[in-house]
Amino acid sequence: MSTAETEYLQAKADQEYEHGWTTDIESDTVEPGLDEETVRLISAKKDEPEWLLEWRLKAYRYFDRLTDERDFYPDWAHLDYDEPDFQNMSYYSAPKEKAQYDSMDEVPQELLDTFERLGIPLEEQKALTGVAVDAVMDSVSVATTFQEKLEEAGVLFMSFGEAVQEHPDLVRENMGSVVPYTDNLYAALNSAVFSDGSFVYVPEGVTCPMELSTYFRINEQGTGQFERTLIVAEEGSYVSYMEGCTAPMRKENQLHAAVVEIIAEEDAEVKYSTIQNWYPGNPETGEGGVFNLVTKRGICKGDRAKISWTQLETGSAVTQKYPSVILKGDDSVGEFYSVAFTKGHQQADTGTKMTHIGENTKSTIISKGISAGVAENSYRGLVKINEGAENARNFSQCDSLLIGEECGAHTFPYIEVGNPSAKVEHEATTSKVGEDQMFYCHQRGLGEEEALKLIVNGFCKEILAELPMEFAVEAKELLAIELEGSVG
Amino acid sequence: MPATVQEELSTEDRFLQAFEGLSDEAKNGTVEAVQGRRRRAIEQFEALGFPTNQLEAYKYTNVAKALRHEYRIAPAEAAPQASTEEVEALLLPDLDAHVVVTVGGRYSEERSDVGALPNGAFVGSFAEGANAHPDVFDAHYGQYADFESEAGDPEQSAMTALNAAFAQDGLFLYVPEDVALDKPVYALHLPSAGDEPLFAQPRHLFVIEENAEARLIEMRRAPEQREHAPGSFTNAVREAYVGAHGHFDHYIVQDEGAGASQHTTFDAYHETESVFDTLTVTLSGDLVRNNLTITPAGEFCESHLNGLYLGSGEMHVDNRTIVEHAAPDCVSNQLYKGILEDDATGVFNGRVHVHRGSQRINAYQSNKNIVLERSAQIYSKPELEIYADDVECSHGSTTGELDEDAIFYLRSRGIPAERARAMLLGAFARDVVESVRSEPLAAWLTDEVGARYGAGQALGVGS
C-alpha cells in the first residue's frame with residue numbers, strides 16, 4: 001500500500017464524529033428496568049387503548065420467555081460486542097413540553113438549534129425541498145409539517161402515537177402483520193416497549209405529493225430508542241419515505257432496536273431510503289457507539305406491487321439489519337440497494353432477505369461494502385424461491401472494498417431454490433482499490449486522495465443514484481466527509 | 001463383540017456403548033498416534049453428538065436424522081471379500097495404475113495389485129502402513145483432521161472425532177521426498193455384502209513429502225451383485241499432507257447407489273509452492289455430505305477444488321468446502337456444478353477464509369446448478385471471509401433450468417429435443433470433467449454423464 005493510502009487511512013481513523021453533542025431538554029424519563037409494570041406504564045403514559053396494551057403485554061411475555069433461556073442473544077452474525085443489559089436501560093423518554101405545535105414558531109428554540117447544528121434547518125428544508133419533516137426527538141414527535149398538504153391528498157403521515165389515537169383500526173389491522181413480535185428478540189422487545197415512530201397511510205390510487213422524511217435522534221442519556229414505523233400503501237398508490245439519523249456522542253453503548261413494517265397492496269410502490277450516521281464509538285478503542293439492531297420488512301401483498309430499500313450505513317458501532325421483502329403478489333418486485341461504510345472499530349452485518357412466493361416475482365440486490373481501519377463488514381442475505389414461485393428472477397451483486405490491512409470484509413449469501421423455473425444469480429467480489437485504477441487517475445493528474453474519492457464514489461454510484469434527489473445530496477456529502485482527510 | 005444395538009438407546013449412546021465393547025485388538029492394535037487418541041475422541045463425540053440442522057454448518061443436512069438404522073458398528077473381525085471378477089469389472093479401461101481395494105472399509109490384500117513402487121514409497125493398508133511408518137503417523141495422523149484443534153470448526157469435528165475413536169483401516173499413501181509415483185494409484189472401495197447395515201469408518205492418510213508427486217483416483221462403487229444393505233453409512237476421514245514443491249492430484253467418485261449414505265471429511269494441508277488438486281464427483285447415494293478443508297500453509301500454493309454432483313431420486317448431496325488461506329501469495333480456485341432431477345436436493349456451502357496478513361491471495365469460487373424438475377431443490381451458500389486488503393476474491397452462484405433458447409437453437413438445426421438436452425447437460429458438466437488430469441478417468445466421466453442424460457455414445461460431446 002502506498003504511503004498516501006496509509007496516511008489516508010490514518011486520517012480517517014483519527015476523524016472525530018461531527019455530530020457529537022447533547023441537547024439539554026428537560027425529559028420525562030422512566031427509571032431503568034423492564035417488567036410488566038414498565039410496559040403498562042409506557043402504555044398508560046401514551047394513553048393507549050386496551051387492545052394495544054394487551055398486544056404489548058403479549059410481546060413482553062414472549063420476550064420474557066425468550067430471555068429465560070440460556071444464550072438467548074442472537075449470536076449467529078459476524079459481530080462481536082457486549083450484549084445489552086435489558087434491565088439496565090430506561091424504556092421511556094419524552095420531551096416534557098409536549099405540545100401540539102401549529103406553527104414552527106412554537107417549537108422550542110433548543111430543538112430548532114439542534115437541527116441547525118445537524119445542518120438540517122427545518123424552515124429551509126420546507127422552503128427548498130418541499131419535504132414534510134416529522135421530527136422525532138427521542139421518542140415523541142414534536143414537530144410535524146406539511147400536514148395540510150398531505151391531508152388534501154388523503155395521505156396520513158403522523159407519529160405512531162397519534163395514529164393509535166386517531167386511526168386505531170388501521171393500526172390494529174396492520175401492526176405486527178409483517179414483523180410479528182415473535183420474529184426475533186429485538187422485535188419482541190420493540191413490540192413490548194416501543195415508544196413512538198411514524199405511521200404512513202396512502203389511500204388507493206394516490207401518489208404521495210412529496211417525499212416523506214423523518215429524522216430520528218437518540219438523545220436521552222442511557223435510553224434505548226424503540227421506534228416503530230408502519231407504512232401502508234393501498235392499491236395503486238406510491239410513496240417515497242426517507243429516514244436519516246445522527247446521534248450525540250456518549251460513553252455507554254446505546255441500543256437502538258427499531259421495527260419497520262411496509263405493506264404494499266396491488267400495484268402499489270413504496271420506496272424506503274435510509275441514511276444512518278449514528279455515533280460509531282471511539283475510533284481508537286471502539287468504546288461507546290450505538291447498537292443498531294433493527295428489523296425491517298415489507299410485504300408485496302398484491303400483484304405488481306413493488307418495495308425498494310435503499311440504505312447508506314456509515315454510523316453505529318454495531319449494525320445488524322436485513323431490510324427484507326416478501327414477494328407474495330404475482331409480478332411483484334423487491335429491491336435492495338446498500339452502501340455500508342465501516343471504519344475504526346465499527347462492525348456491520350447487513351443485507352437482505354428476498355422471499356419469492358408469487359409467480360414472475362423479481363428481486364434485485366446490489367450491496368457495496370467498504371471497510372477501513374479495523375472494521376468488520378459483512379453482507380448476509382437470503383434469496384428464497386418457494387416451490388410455487390414460477391419464473392422467479394433474482395440478481396444479486398455484492399462487492400466489497402478493503403482499505404487497510406486490518407479490516408475484514410465478508411460475504412455470506414444464502415440461496416434456496418425450490419422451483420426450477422427460477423433464475424438466480426449471485427456474484428460477489430472482494431478487492432482493494434485497484435492499482436491500475438489509481439495509476440490511471442494519477443496519469444490524468446489526480447492526486448492520491450482525489451483519485452481514491454473518485455474511485456470510491458464510482459464504486460457506490462449505483463446505490464446513491466437510487467436515493468431520492470433530496471437525500472442524494474446529503475448522502476454524497478456524508479460519503480465525502482467519510483473520505484475526507486485522505487489527502488496524502 | 002459386534003455390538004447389537006438396542007432400541008431404547010439414543011443413536012449416540014449406541015456408539016458409546018459399541019466403543020466400550022471394542023476388543024483389545026481393535027483398541028490397541030495399531031500405533032500410538034492412532035490408539036492414543038481414541039479415548040479423547042469418543043469423549044469429544046459424546047460431548048458434541050451427531051450434527052443436526054441446528055448447526056449452521058449443517059443447516060440443510062440433518063445427519064442425525066439419517067442415522068435411524070440399527071447398525072453393525074464395530075469393525076468386522078476379518079476383512080470381507082470380493083471376487084476378482086467384481087474388481088476387474090470396475091477398473092477403468094486403459095488406466096495403468098497401482099490398484100488398491102477396500103471392502104466394507106477394510107483393506108483387501110488379496111484383491112489389491114500394487115505392483116512395483118519407487119524407492120521408499122508405500123501404497124496400501126492404513127493399518128499396515130501405521131506399523132511400517134510409525135514416524136510418519138506420528139508426524140501427520142490427526143494433525144489436519146484434528147478434532148481437538150480449536151482452530152478447526154467445532155461444528156464439524158463430531159464426525160471426525162467419531163472416526164478417530166473407531167478408526168482401524170483404510171488407505172495409506174506415502175511418497176517420500178523427491179519421489180514421483182510413475183503411475184496413478186487407483187483405489188476401489190466396495191461395500192461388504194450382507195443384509196445388516198454397516199456403519200463403516202474408514203480412515204485414510206496421504207503423505208506426499210517435499211518435491212514428491214502422486215495422483216490418486218478413488219472410486220466408491222456398489223456393483224449390482226454387491227448392493228449396500230439399506231441404510232448403510234460410511235463415515236470416512238481423509239487427511240493429506242503435501243510438502244513444499246509437492247504435487248498431489250486427488251479425484252474421488254462417489255457412486256454407491258441409493259440406500260447408502262456417507263459423510264466424508266477431507267482435510268488437506270499443503271506447504272510452500274505445492275499444488276493440490278481435488279475433484280469430488282457424486283453420482284448416487286442416499287445422503288452424501290462432504291466436508292473438504294484445504295489449508296495452503298506456505299506461500300505460492302495452488303489449490304484447485306472441483307465438484308460435480310448429479311442428483312436424482314431422493315438423493316441429498318451436500319458439499320461443504322473451506323479454504324483457509326493462512327499464507328500470502330496463493331491461488332485457490334473452486335468450481336462446483338450440479339444437475340438435479342426428481343426429488344433430489346443439492347447443497348453447496350463454500351467458504352474462502354483469507355487470514356490476516358495473507359496478502360495477494362487470488363481466490364475464486366463458483367457454484368452453478370441446473371434444476372431439471374420442479375421437485376428438486378438447491379441450496380447454495382458461497383461465503384467469503386476476508387481479513388487482508390490486497391486480495392482478489394470473488395464468488396458466483398447461479399441456479400436455473402436448461403436454457404430454452406439454446407434447446408430451440410439446437411432443434412432448429414435438426415437435433416431432436418432429447419439429444420439437444422443431453423448435449424447441453426454434457427457441455428455443462430464438461431468444464432469440471434476437463435479439469436481431470438487423468439484421461440481414462442475423464443473419458444469414463446464423460447460417458448457416465450452422457451449415459452445418464454440419454455445420449456450415450458451418440459452424443460458426440462467429449463469423445
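1. Let's start with handedness: helix 3 and helix 9 of chain A make a left-handed crossing, a label used when the near helix is turned anticlockwise from the far one by less than a right angle, with right-handed for clockwise. Helices here are DSSP runs (H or I, at least four residues), strands are E runs of at least two, and both are numbered from the N terminus.

2. A quick word on the model: it is predicted, and local features need pLDDT of at least 70, side-chain atom pairs count only at pLDDT 80 or more, and totals for chains, interfaces and linings use all residues. Residues are numbered from 1 along each chain as its sequence is written, with chains lettered from A and ligands numbered from 1 in the order in which they are written.

3. Back to those helices. The axes of helix 3 (residues 50-68) and helix 9 (residues 185-193) of chain A come within 7 Å and cross at roughly 145 degrees. Axes are lines fitted to C-alpha atoms, for helices over the stretch in contact, and angles run from 0 to 180 degrees between N-to-C directions. Among the residues making the contact are A:Tyr60 and A:Phe63 of helix 3 and A:Leu189 of helix 9; being in contact takes C-beta atoms, placed from the backbone, within 7 Å.

4. Now look between the chains: 32 residues of chain B are in contact with 32 residues of chain A. On the chain B side, strand 19 gives the largest share, ten residues.

5. Strand 19 of chain B also runs antiparallel to strand 23 (residues 408-417) of chain A, joined by six bridges. In one of these pairings, A:Val417 has B:Ile378 as its bridge partner.

Technical notes: Two residues are in contact if their C-beta atoms, placed from the backbone, lie within 7 Å. Two strands pair if DSSP finds at least two bridges between them.
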